[in-house]
Amino acid sequence: MRFTVSFVILLLLAILQQSHQAKDKSDYTGPNPDGKPGTPPAPPPVKKPPTDTKTPKTDTGDDTMAEDWVTHHNKFRKTEKMDDLVWSEGIYKVLKPFVTGLTKKPLCESQPFAGMKLQRYGQNGATVTGDVPSNKVVATVVQAWYNEKKFYDSATKNCTNDDLDVCFHFTQLMWKSTQYFACRVDTCAKGSRKVAVCWYIRPGNCNNRDYTKSAEDSPCGPYLPPSA
């Protein structure tokens, strides 16, 4: 009887430990739980995306709308035979105050990789001079990101020279496992420059810059945006 009671206690302890580990795994939302560099865990199973993919009528800043960003992103993705991206209001609600905050900084810069510091989003950013009309900002910015294709080496799956020839805006724009995104553009508090930032889920530029990788081979960030 004493052996039986001890066995039951050990069994209960094992069950509780497994339950705790499962909870820790389900709560995990980024590539590194502690925010430190390291090998990310295997991604969770792909969840079914929301069925309603219609772009909302969202004002995204100076004379820009969500529809503009979706149109120009997907125009270039089609040229590379990548699936269309879907606008995410969940991402936009987090992005909007972030970009507004950038406009108040002395240099008013897009601060590359600021989104990735959150261990959640991929990011493309740009500053635009005041001589670009507001209604041309989206087209100008996305075209500039796509033009970086000339610096992408398809053989090595990397930029021709990471120190000088930037291509990571292009690769994020085309990243195969990215499904959702949102963008915002605002005028700097001082001067006439504008800052434009887009955030993406799943994040791109994970495991080098091979944008053709499937979701299973690109274990960075969550699959779905907040409030998806």
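Visitor: In which loop does lysine 157 lie?

Guide: Lysine 157 is placed in the loop between strand 3 (152-153) and strand 4 (158-159). Helices (H or I, at least four residues) and strands (E, at least two) are DSSP runs, numbered from the N terminus. This is a predicted model, in which local features need pLDDT of at least 70 and side-chain atom pairs count only at pLDDT 80 or more, while totals for chains, interfaces and linings use all residues. Residues are numbered from 1 along each chain as its sequence is written, and side-chain values use heavy atoms, with hydrogens and water left out.

Visitor: How many helices and strands are there in the protein, and in what order do the elements run?

Guide: The protein has five helices and six strands. Starting at the N terminus, the order of the elements is α-α-β-α-β-α-β-β-α-β-β.

Visitor: How is lysine 157 classed by accessibility?

Guide: Buried means under 20% relative accessible area, exposed over 50%, and partly exposed in between (1.4 Å probe, protein chains only). Lysine 157, at 29% relative accessibility, counts as partly exposed. For the protein, buried residues make up 41% of the 228 residues.

Visitor: What is the value of phi at lysine 157 and at lysine 81?

Guide: For lysine 157, phi is near 60°, which is a positive value in a residue other than glycine. Phi of lysine 81 is also near 60°, again a positive value in a residue other than glycine. Lysine 81 belongs to the loop between helix 2 and strand 1. With 75% relative accessibility, lysine 81 counts as exposed.

Visitor: Which peptide bond is cis?

Guide: The bond from isoleucine 201 to arginine 202 is cis, with omega near 0°. Arginine 202 is found in the segment after strand 6.

Visitor: Which parts does the pair of tryptophan 87 and phenylalanine 181 tie together?

Guide: Tryptophan 87 is in strand 1 (residues 86-87) and phenylalanine 181 is in strand 5 (residues 180-187), so the pair ties together parts that are 94 residues apart in sequence. Tryptophan 87 and phenylalanine 181 are both buried.

Visitor: With which ring is phenylalanine 181 stacked?

Guide: Phenylalanine 181 forms a stacked pair with tyrosine 200, at 6.0 Å centre to centre and with 10° between the planes. Since tyrosine 200 lies in strand 6 (residues 194-201) and phenylalanine 181 in strand 5, the pair ties together parts that are 19 residues apart in sequence. Phenylalanine 181 and tyrosine 200 are both buried. Elsewhere, one aromatic cluster is formed by Phe76, Tyr146, Tyr152, Phe170 and Tyr211.

Visitor: At what angle do helix 2 and helix 4 pack?

Guide: Axes are lines fitted to C-alpha atoms, for helices over the stretch in contact, and angles run from 0 to 180 degrees between N-to-C directions. Helix 2 (residues 66-79) and helix 4 (residues 137-147) pack at about 25°, and their axes are 9 Å apart. Helix 2 is therefore roughly parallel to helix 4; angles under 35 degrees count as roughly parallel, over 145 as roughly antiparallel, 65 to 115 as roughly perpendicular and the rest as oblique.

Visitor: Which residues make the contact of helix 2 with helix 4?

Guide: Contact means heavy atoms within 4.5 Å. Helix 2 contributes Asp68, Trp69, His72, His73, Phe76 and Thr79, and helix 4 contributes Val138, Ala139, Val141, Val142, Gln143, Trp145 and Tyr146.

Visitor: Which residues does threonine 187 touch?

Guide: Not counting residues up to four places away in sequence, threonine 187 touches Asp62, Thr103, Ser192, Arg193 and Lys194. Threonine 187 lies in strand 5 and is partly exposed, with a relative accessible area of 31%. Its C-alpha atom is separated by 6.5 Å from that of threonine 103, 84 residues apart along the chain.

Methods: Rings of Phe, Tyr and Trp (its six-membered ring) pair if their centres lie within 6.5 Å; planes under 30 degrees apart count as stacked, over 60 as edge-to-face and the rest as tilted.
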